[in-house]
Amino acid sequence: APTGVSVSAISLRQISAAIRGANDLVALQHAAGDIRQLAHNMMAQGVAAEQLTQFISTLNDLLTARIIEMECMAAGLMESPLCAGFCWIALGSEGRYEQTLNTDQDNGIIFQVPEGATAEQVRAHLLPIARRINEALDACGFPLCKGNIMASNPQWCLSLTEWRNTFEAWIDQGNPDALLNASIFFDFRPLFGRQELAGELRQWLM
């Protein structure tokens, strides 16, 4: 009989293919259910926690990226010069590849401000799409963040300069709230879009 890991690898390939081929939310909801079932099977097989969370995070990344892609295409975002440069970032446990079966959403957006535009104008275009993405993720079993640490919150949909200013303020303050925010937000990683924006922010932060 195949080992637990090989069974998981087969399921991983099958679920990955289903996510990439999904064209609507219903198909992605089915895929999300398959991810949870795979995770339960792996736990029953005694797969190590670290490997399990990496499996879950990898599949959840694919699912999230497909949701973002579908919503951006539906909104015509890719053709909008105002929103051409943005990056969806994962935060907290998701940013650390430590997602479990009950992880809620922690995400944000880094964007570029085109010449002749303002950060507020870009944010106004991105926020409604971010809200639809957050709601689609919720429909797929990733609960909305009770603390509203989500890309649809204007506080976490920021230009690269605004993110730097926010991080700088936390580093300078060092109070309990700043430390709590740092423990969530400094573990960011890019999930979709212009990954170099996250790279620039990481380089600046380091």
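Q: How many of the residues of strand β2 (residues 107-111) are buried?
A: Quick background: this is a predicted model, where local features need pLDDT of at least 70, side-chain atom pairs count only at pLDDT 80 or more, and totals for chains, interfaces and linings use all residues. Residues are numbered from 1 along each chain as its sequence is written, and side-chain values use heavy atoms, with hydrogens and water left out. Buried means under 20% relative accessible area and exposed over 50%, with partly exposed in between (1.4 Å probe, protein chains only). Strand β2 is mostly covered, and the buried count is five of five.

Q: Which residues of β2 are buried on each side?
A: In a regular strand the side chains alternate between the two faces of the sheet. Both faces of β2 are covered: G108 and I110 sit on one side, and on the other are N107, I109 and F111.

Q: In what order do the four strands of the open sheet stand?
A: Strands and helices here are DSSP runs numbered from the N terminus (E, at least two residues, for strands; H or I, at least four, for helices), and two strands pair if DSSP finds at least two bridges between them. β1 (residues 86-90) and β2 run antiparallel with five bridges, while β2 and β3 (residues 157-159) are parallel over three bridges. The pairing is mixed, and the order is β3-β2-β1-β4.

Q: Which strands stand at the edges of the sheet?
A: Each edge strand has a single partner strand, so one side of each is left without a neighbour in the sheet; the two are β3 and β4 (189-193).
In β2, by contrast, I109 stands opposite C157 in β3, and G108 is the bridge partner of I89. So the edge strands are β3 and β4.

Q: Why do α2 and α3 count as roughly antiparallel?
A: Angles run from 0 to 180 degrees between N-to-C directions, using axes fitted to C-alpha atoms, for helices over the stretch in contact. Under 35 degrees is roughly parallel, over 145 roughly antiparallel, 65 to 115 roughly perpendicular, and the rest oblique. Helix α2 (residues 25-44) and helix α3 (residues 49-74) have axes 10 Å apart. They are roughly antiparallel because they pack at about 175°.

Q: Is G46 buried or exposed?
A: G46 lies in the loop between α2 and α3. C-alpha to C-alpha, G46 is 41 Å from W170 in space, and the two are 124 residues apart in sequence. With a relative accessibility of 57%, G46 counts as exposed.
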